[in-house]
Amino acid sequence: MTPTGAPDPALQVEGLSVSYRKGAGFVRVVDDVSFAVARGEVFGLVGESGCGKSTVALQILGYRSPLMRTDAGRVVFGGADVLALPRAALDRVRGAGIAFVPQNPTTALNPGIRVGAQIDEILAAHTEAAPAARMERVRALFDLVGLPATDAAAAKYPHQMSGGQQQRVCIAMALACDPAFVVLDEPTTGLDVTTQRQIVDLLGDLRARLGMSMLYVTHDLGLLSQIADRVGVMYAGRMVEVAPVADIFTAPAHPYTRGLIGSLPRLDPDTAAPAARPLRGLLRRQDLPEGCPFAPRCEHAEPACARDRQPLEPTGTPGRSVACRRWREIAPEIPSSEVIDPAHGAGRSGQLLVLEGVRIAYGTGRRRFEAVRAIDLAIAEGETLALVGESGSGKSTIARAIAGLVAPEAGRITLAGAPLAGDVADRTTDQRRRIQYVFQNPDASLNPRARILEAIARPAAFFFGRRPDASAVARALDDVRLDPGYAARFPDELSGGERQRVAIARALAAEPALLMCDEVLSALDVSVQASVLELLRRLRAERGIAMLFISHDLAVVRMLADRVMVLFRGEVVETGPREAVFAPPFHPYSRSLIEAVPVPLRRRAGGAAGPDRLRPDVAEAPRGPGCAYAGRCAVEIAGLCVGTPPPLRTAGPGHAIRCHHMLDDLSGARAHPPAGNTAQ
Amino acid sequence: MPPSSNADRRVGLLPRLALFWRQAPLGMQIGIVILAVHLVVAATGPFWAPYGYSQMRAGMPLSGASWAHPFGTDQLGRDIFSRVVHGGHIVLALALSGTLLGLAAGAVIGLWSGYVGGWIDEVVQRLIEALISIPFLVLALMAIATAGPQWSGNPVLIVLVVALVYAPRIARMARASAVEIATRDHVTVARLRGEGAFSVMRRELLPNATGVLLVEFALRAGYAPVLVGSLGFLGFGLRPPTPEWGLIISENRALLIVSPATVIGPGLALASLVVGLNLFTEGLARILGRTVRLGAQ
């Protein structure tokens with residue numbers, strides 16, 4: 001760890017202030033941000049969406065646009081101010097001196113150019129090397145980022161690669177000219193947990209080998225603990241705290257940092273880290289005070305907090321500073337007792353929804369792809385079943401089949417004993433009413449041109465023939481803890497979390513028996529996630545609604561689900577009560593999922609090989625009659641797993657694992673392995 | 001950043017118009033000025049035009065351009081400038097109402113076809129392609145011929161013909177945006193609820209396609225005066241002595257050598273209207289199509 005005041009930092013940001021054009025004027029989005037990154041250091045920048053962290057990242061690359069204005073500040077790199085460089089000099093620095101890894105590799109890569117050629121473009125722009133030497137370098141870079149170092153791999157187009165591989169290409173591109181500084185803007189946000197873990201391991205490995213400095217921008221504090229040395233916490237355009245990563249988790253000084261940590265869903269609620277209260281309220285840019293921007297949401301705020309500007313000041317501990325005038329006085333908070341299981345589900349009666357032998361396939365003939373194979377599933381009234389798995393595991397397809405958006409090829413679905421038609425148009429109105437779907441992205445699931453009132457009033461009008469009633473809408477908004485005044489607004493005047501609440505309120509307006517939540521939290525910030533999660537738990541307890549909760553986030557699943565079903569490539573590999581699934585014995589895939597979740601301060605060994613040997617060539621190949629997980633499994637039995645379907649082993653009441661291994665072999669307590677274990 | 005805050009909504013209409021004017025591209029500002037002149041002339045012209053539109057012997061026949069007769073006089077001694085001024089509202093009314101009708105029909109057909117999809121969409125699209133493949137003037141003449149002589153010179157027929165020519169083209173654009181919007185989750189939500197096709201079109205598709213349709217309307221309206229003028233020029237439009245611009249040009253085309261102002265005058269009026277409409281349209285399309293929002297993820 002390097003202290004802040006390193007004599008010769010790799011990069012230094014001084015008093016940076018940036019504004020975006022809005023209407024006729026400008027709005028300040030980054031306000032007097034300063035930090036320095038030492039050579040070889042990984043500096044994490046964390047904050048909720050809209051806090052200005054990505055703007056800071058772009059400024060380091062000297063990004064300019066007519067819609068933004070740099071009001072003040074310098075970005076010192078290599079003895080020069082990046083912000084003051086003329087265009088030609090900036091072009092030489094970008095890519096060669098400071099490189100950038102974008103958030104979404106699918107849009108960052110040109111879909112029409114082979115990936116090798118895209119990396120070659122950078123080399124051609126910045127080096128004098130001959131084409132043959134450049135191709136040599138491309139192969140070396142592929143090797144460096146863990147892609148096959150062959151011409152065949154370099155000749156692929158982006159769409160022929162998985163998301164993780166695409167991100168590896170983007171990283172290779174960033175590293176092409178041996179930059180001294182790499183800016184990573186949410187590089188794993190769109191990826192599966194297992195892939196995310198591999199990318200983070202790769203970055204840790206590259207940094208150890210190449211010794212470059214990094215700025216890692218993310219909203220995921222847990223993830224930062226895996227890779228960063230120091231963390232800067234931003235709020236509403238200001239840097240509110242800078243500290244070594246361990247201190248952030250063990251002794252957060254700023255109230256916002258505490259709230260952020262308190263909002264993290266944890267896989268291990270029994271951890272020793274200080275539990276803090278989750279954040280309250282929301283960032284409202286229109287009423288930011290003169291002083292501390294966090295004052296309106298802070299439980300320790302005094303009138304003076306909102307009045308006086310609070311600059312970032314050293315705390316005395318090396319490398320730490322905080323922008324809060326009261327940080328010394330604020331006593332460590334009482335750990336909030338973790339209430340995992342509200343006593344809901346009492347008086348649970350019969351099965352609400354039953355799926356028997358459901359098979360779902362897309363396409364026909366040679367293009368036929370079987371997304372779900374022979375799934376059995378049952379949800380009791382008032383019960384919450386979580387479907388867990390990476391993308392492509394078929395979890396959303398199952399939800400779509402239950403909703404009637406895709407007809408199963410075989411098998412039957414019954415709701416309260418009555419069979420459900422495959423197509424939603426063939427179902428009765430009452431069946432449609434009783435199953436409600438909440439989508440992942442509230443931006444897309446709310447009509448942008450309809451007011452909140454119309455969105456919420458419509459289901460009641462449609463199903464119950466009620467006239468749109470302002471007081472009913474106000475009650476519905478109140479149920480999801482929104483101000484009734486929102487009824488007159490349009491969705492784009494709400495924040496992401498508020499929009500998701502509206503989507504939930506709209507689903508509830510139909511008075512459903514089953515609420516299907518398809519990744520409803522993944523588009524939201526952590527603090528918003530925590531509050532929406534709390535909302536779902538409360539609604540479930542109050543109304544006894546059954547839920548099908550689809551998520552890739554095991555920490556969230558652990559807080560909400562009664563039962564968990566782990567899917568891999570369209571098959572159930574493990575199913576059981578929540579506590580049984582999160583405890584040994586594990587299916588090898590369940591184990592890799594659980595181990596991939598970043599646990600604050602439990603940093604893994606640097607090796608890139610986890611228990612999950614991701615071999616995309618295998619993952620995409622048509623699979624044999626055996627285990628779906630064969631080919632990626634770390635404990636695969638050669639000659640058996642590929643060819644023979646594994647038996648379903650009963651591990652306890654309602655807990656079943658589909659694996660060739662005996663249960664005792666799967667029980668090895670490796671849920672959180674010691675450092676040496678994963679390196680293999 | 002919270003986009004489009006309530007602050008925008010509280011501001012009065014005038015300051016918002018002023019802001020819109022300042023942010024509009026220069027071409028659009030020019031277009032707005034030209035259009036405003038045309039609208040004012042069309043609305044007030046009949047009250048201040050120096051002569052009546054069919055008043056003969058207003059000046060010496062074929063006297064050429066002068067201060068008294070800026071666009072000259074025709075063989076009957078009618079003042080062409082007065083005729084052009086009187087004709088403004090006719091051209092605008094025919095062009096705009098025809099385009100509006102085409103927009104309504106095209107939007108309904110296009111949104112419906114795009115939303116239901118399947119074989120209905122296939123059939124509708126092939127029909128639309130067949131209509132589009134016929135050059136628009138030929139299509140217009142065919143429609144007029146089919147209507148028969150009892151309809152000839154009837155302004156309603158002109159409006160219907162303009163609508164017929166534009167509806168298929170607008171329907172294609174509406175269909176394209178319906179196909180895109182139909183994949184969004186809020187449409188899926190409506191479908192899961194069991195909403196009918198027309199309810200989905202009205203509540204979910206149309207409000208989100210207004211941008212596309214508005215641009216399409218403005219684009220088509222920009223060429224509609226040319227279509228109306230062409231029909232008039234060919235003698236399939238309104239009947240003389242209606243001062244429709246295409247008809248004026250047609251009547252005076254033989255005088256192009258003797259008294260060029262009689263043709264150039266109404267030609268200029270038509271051209272400036274089309275240029276104004278197009279400048280306005282282009283700016284509108286650019287503003288409505290501007291979706292890049294920096295800082296948003």
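In chain B of this predicted model, residues 24 or more positions apart account for 71% of the contacts with a separation of 6 or more. The corresponding share in chain A, among contacts between residues at least 6 apart in sequence, is 66% for residues at least 24 apart. Buried residues make up 42% of the 297 residues in chain B, while of the 680 residues of chain A 51% count as buried.

The secondary structure of chain B comes to eleven helices and zero strands, so that, read from the N terminus on, the elements follow one another as α-α-α-α-α-α-α-α-α-α-α. Chain A, by comparison, is assigned 25 helices and 24 strands. Taken along the principal axes, the box filled by the C-alpha atoms of chain B comes to roughly 75 × 50 × 30 Å.

Within chain B, the pairing of helix 4 (residues 80–116) with helix 5 (residues 118–133) can be described in some detail, for the axes of these two helices come within 7 Å and cross at roughly 140°. Because angles over 145 degrees would count as roughly antiparallel and those from 65 to 115 as roughly perpendicular, helix 4 of chain B and helix 5 of chain B are oblique to each other. The crossing in which helix 4 of chain B passes helix 5 of chain B is left-handed. On the side of helix 4 of chain B, the contact is formed by Ile109(B), Ser113(B), Gly114(B) and Val116(B), which meet Gly118(B), Ile120(B), Asp121(B), Val124(B) and Gln125(B) in helix 5 of chain B. The residues of this contact divide into four nonpolar, four polar and one charged.

As for confidence, the model as a whole scores ipTM 0.74 and pTM 0.74. Chain B averages a pLDDT of 85, and 93% of its residues score at least 70. Among the helices of chain B, confidence is highest in helix 5, at a mean of 94, and lowest in helix 1 (residues 6–10), at a mean of 48. Where pLDDT is low, the predicted coordinates should not be read in detail.

Technical notes
Residues numbered from 1 in each chain as written. Chains lettered and ligands numbered in written order. Predicted model: local features only at pLDDT ≥ 70, side-chain atom pairs only at ≥ 80, totals over all residues. Axes fitted to C-alpha atoms, helices over the stretch in contact; angles between N-to-C directions. Helix = DSSP H or I, 4+ residues; strand = E, 2+ residues; numbered from the N terminus. Parallel < 35°, antiparallel > 145°, perpendicular 65-115°, else oblique. Left-handed = near helix turned anticlockwise from the far one by under 90°. Contact = placed C-beta atoms within 7 Å. Nonpolar A, V, L, I, M, F, W, Y, C, P; charged D, E, K, R; others polar. Buried ≥ 20, exposed ≤ 12 C-beta atoms within 10 Å, placed from the backbone. pLDDT = per-residue confidence, 0-100.
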